[in-house]
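Here are my notes for you to read alongside the structure. Keep the model open and find each place as we come to it.

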Amino acid sequence: MDGFEQLNTTEPVSWNIMKSDGSISEKIEEIIVEHFIEVSVNGVRAFTLSCTPEHLRELIVGRLCTERIIKNAEDIERLFICGEGNIGEVILKENVEFKLYSGNDPTCCTGNIQFINGTRGLTALSEVEIDSETIFELAEKFSEDGKLHKSTNGTHSCYIRFGDGRIDSFEDISRHNALDKAVGHILLEKEDITNSIIYTTGRVAADMVEKTIAAGIPVLVSKSVPTTKAIELAKKYGLKLICKAWPDSYITFPVS
């Protein structure tokens, strides 16, 4: 057992509002808390994450999966997070081969730093059928807005639809982290990941598609737009990619 408990995700901040007529007013609003956690795997420094300080276990497990270091939660012997949530230590049941990350660029929206990557390759996904009602259901769920985003306008959300129709959601300052939290939740709940659908509020670049394929999720839905590389990667590995999904319409791309 670890000592981590839920931390505050927002803090009140006072600021001045400057208007075009020259008037100034003061307002206090809730601002999202930016938290940092450094994670090691089998004693090797693996990554530092900038995130919202909640669902850290799901975040770590999901990141290990989408970076192709583990396949499921059963690959983990022990996961420890300190009480302040600043340090995470993972011990895997078996030694895995890591490769050092060759780049030095942070992710586009958080400054997360990746030190190691797994060597497991991407594999093609099984073809699935999905009806329009399911997509519109997810889009409608998104329109209700997440708790943190509603109070701060400072998060991305990721919704999971399980095979039984249940929908859970996760938020973070990074769309990558929100996706990782969703993946980690599926694995920790021991749900069938190949029968799950992910809906993300963020744009879909190649890295988001790669994470989804690495996790084994066959359908990725977004309220935003994809990039050309994301479409190419989705077609190559059979990911069903659905974008600009709103309560009244969406666009889809052929998988071949």
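1. Let's begin with a pair of helices. Helix 4 and helix 5 count as roughly parallel to each other, because angles under 35 degrees fall in that class. Their axes cross at roughly 10° and come within 11 Å. To see who meets whom, look in helix 4 (residues 175-188) for Arg 175, His 176, Leu 179, Asp 180 and Val 183, which meet Asp 207, Met 208, Lys 211, Thr 212 and Ala 215 in helix 5.

2. Now step back for a moment. Please keep in mind that this is a predicted model. The protein has six helices and 15 strands. Of its 256 residues, 48% count as buried. Contacts between residues at least 6 apart in sequence are worth a look too: 53% of them join residues at least 24 apart.

3. Helix 5 has another partner. Helix 1 packs against helix 5 (residues 206-215) at an angle of about 90°, and the two axes are 8 Å apart. That makes helix 1 roughly perpendicular to helix 5. On the helix 1 side you will find Arg 63, Cys 65 and Thr 66, and these meet Lys 211, Ala 214 and Ala 215 in helix 5.

4. Thr 66 deserves a point of its own. This residue lies in helix 1, which covers residues 56-66. Is Thr 66 buried or exposed? Its relative accessibility is 4%, so Thr 66 counts as buried, the cut-off being under 20%. Leaving aside residues up to four places away in sequence, Thr 66 touches Asp 180, Val 183, Lys 211, Ala 214 and Ala 215. With one of these, Lys 211, there is also a polar contact: the two side chains come to 3.1 Å.

5. How far apart should its ends be? At 1.5 Å a residue, the twelve residues of this helix (residues 132-143) should span 16 Å, and the end C-alpha atoms are 17 Å apart, which agrees. At the start of helix 2, look for Asp 131: one of its side-chain oxygens reaches to within 3.1 Å of the backbone nitrogen of Glu 133.

6. Stay with helix 2 and colour its buried residues, which are Thr 134, Ile 135, Leu 138, Ala 139 and Phe 142. They cover an arc of only 135° around the axis, which puts them on the same side of the helix. What do these buried residues pack against? Their partners are strands: strand 10 (156-161), strand 11 (167-172), strand 12 (197-200), strand 13 (219-222), strand 14 (240-246) and strand 15 (249-252).

7. Asn 42 is not a glycine, yet its phi is positive, at about 50°. You will find Asn 42 in the loop between strand 3 (35-41) and strand 4 (44-51). With a relative accessible area of 24%, Asn 42 is partly exposed. Lys 190 also has a positive phi, near 55°, and is a residue other than glycine. Look for Lys 190 in the loop between helix 4 and strand 12. Its relative accessible area is 60%, so Lys 190 counts as exposed, for which the cut-off is over 50%.

Terms used: Residues are numbered from 1 along each chain as its sequence is written. This is a predicted model: local features need pLDDT of at least 70, side-chain atom pairs count only at pLDDT 80 or more; totals for chains, interfaces and linings use all residues. Side-chain values use heavy atoms; hydrogens and water are left out. Helices (H or I, at least four residues) and strands (E, at least two) are DSSP runs, numbered from the N terminus. The expected span of a helix is 1.5 Å times one less than its number of residues. Buried means under 20% relative accessible area, exposed over 50%, partly exposed in between (1.4 Å probe, protein chains only). The arc is that of the directions from the helix axis to the C-beta atoms. Contact means heavy atoms within 4.5 Å. A polar contact is a pair of N or O atoms within 3.5 Å; within protein, one must be able to donate a hydrogen and the other to accept it, and residues adjacent in sequence count only if both atoms are side-chain atoms. Axes are lines fitted to C-alpha atoms, for helices over the stretch in contact, and angles run from 0 to 180 degrees between N-to-C directions. Angles under 35 degrees count as roughly parallel, over 145 as roughly antiparallel, 65 to 115 as roughly perpendicular and the rest as oblique.
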